[in-house]
Amino acid sequence: VHGVSGDAISYKWLPEQERLMGYVMDITGHGIATALQTATLRALIDRELSRNEIRSQADILRRLNTDAAAYFHEGSFAALILFDLDLRHGLLKCAGAGIYEFIAFSGEYQGVVQIPGSFLGIMRDAEFGFIEMPIQAGDKFYFYTDGVADQLGLAKIQTQPQNFSETCEQLNRLSSQQHRRDDAAGLFFEVRLSRDTSFADV
């Protein structure tokens, strides 16, 4: 994340379940006021992800949408993408709420993946988008806010499915450019083989 902004990322490893859960978030606006809104929504999301019971992403987003509305004034809202990487069952689940894309290089997807979904905090009966895909060792995933997406479009970057480190460096360079039009944040990971688990590690 670059600068004081409404962008935020977070993740949590659940070793007993062999799951990596996290999110990338973008709240409208810039500066201290937006950063405070971001901190509040981040606390709400972290609360939901820290609950002991396993709930669907749809349930989590509905709860967040209701709670977030109390903290947004007219004209402000949040965009979010949640992910749940289940290594035990070899499955990635993603839920979109206003962040419309991410990049995946896996057996099923090669490049930009579109995911629809309403913003958080605008409509009580908002509809969100959901994607589920099988995963395996070697798969690569790149989640980011629209500040990165804008730079991707401007630079016409060609993401590299075989070189995770170089792609991360390219995306980081783009997101840190001073002339970018929006705040930028991203969370990237590759699934790797591990000696300590029957499937994979991140």
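The paragraphs below go through the strands, the aromatic pairs, the salt bridges and the cysteines of this predicted model. Local features need pLDDT of at least 70 and side-chain atom pairs count only at pLDDT 80 or more, while totals for chains, interfaces and linings use all residues. Residues are numbered from 1 along each chain as its sequence is written, and side-chain values use heavy atoms, with hydrogens and water left out.

The sheet comes first. Helices (H or I, at least four residues) and strands (E, at least two) are DSSP runs, numbered from the N terminus. Two strands pair if DSSP finds at least two bridges between them. On that basis, 4 strands make up an open sheet, ordered β6-β5-β8-β9, with antiparallel pairing. Its edge strands are β6 and β9, each of which pairs on one side only. On average, neighbouring strands of this sheet are turned by 15° against each other, direction ignored; the axes behind this angle are lines fitted to C-alpha atoms, for helices over the stretch in contact, and angles run from 0 to 180 degrees between N-to-C directions. Between β8 and β9, which run antiparallel, there are 5 bridges. Within this pairing, Tyr142 has Phe188 in β9 as its bridge partner.

Tyr142 lies in strand β8 (residues 140-144) and Phe188 in strand β9 (residues 186-190), so the contact ties together parts that are 46 residues apart in sequence. A pair of aromatic rings is described by the distance of the centres and the angle of the planes. Here, rings of Phe, Tyr and Trp (its six-membered ring) pair if their centres lie within 6.5 Å; planes under 30 degrees apart count as stacked, over 60 as edge-to-face and the rest as tilted. For accessibility, buried means under 20% relative accessible area, exposed over 50%, and partly exposed in between (1.4 Å probe, protein chains only). Tyr142 is buried, because its relative accessible area is 0%, whereas Phe188, at 24%, is partly exposed.

How many aromatic pairs does a search of the whole structure find? The search returns 10 aromatic pairs. One of them is edge-to-face and joins Tyr100 to Phe119, with 6.1 Å centre to centre and 70° between the planes. This pair links distant parts of the chain, 19 residues apart: Tyr100 is in the loop between β4 (91-97) and β5 (101-105), and Phe119 in the loop between β6 (110-114) and β7 (129-134). Tyr100 counts as partly exposed because its relative accessibility is 42%, and Phe119 counts as partly exposed at 25%. Ring pairs also link Phe83, Phe102, Phe141, Phe143 and Phe189 into a cluster.

Charged contacts come next. Side chains of opposite charge can pair when their charged atoms come close. A salt bridge is a side-chain nitrogen of Lys or Arg within 4 Å of a carboxyl oxygen of Asp or Glu. This rule gives 8 salt bridges. Among them is the one between Arg88 and Glu18, whose closest N and O atoms are 3.2 Å apart. Arg88 is partly exposed at 46% relative accessible area, while Glu18 is buried at 17%.

Another salt bridge connects the side chains of Asp67 and Arg47, at 2.6 Å, N to O. Asp67 belongs to helix α2 (residues 57-68) and Arg47 to helix α1 (residues 31-49), 20 residues apart, and the pair links distant parts of the chain. Arg47 is partly exposed, with 31% relative accessible area. A further salt bridge joins Arg192 to Glu190, where the closest N and O atoms are 3.6 Å apart. Arg192 is partly exposed at 48%, and Glu190 counts as buried at 18% relative accessibility. Through shared partners, salt bridges join Arg47, Glu48, Arg63 and Asp67 into one network.

Helix α1 also contains Ala35. Ala35 and Gly6 are 29 residues apart in sequence, and their C-alpha atoms are 5.1 Å apart in space. Ala35 counts as partly exposed because its relative accessibility is 23%.

The cysteines come last. A disulfide is a pair of cysteine sulfur atoms within 2.5 Å, and the count by this rule is 0 disulfides. Cys94 counts as buried at 1% relative accessibility, and Cys168 counts as buried at 16%.
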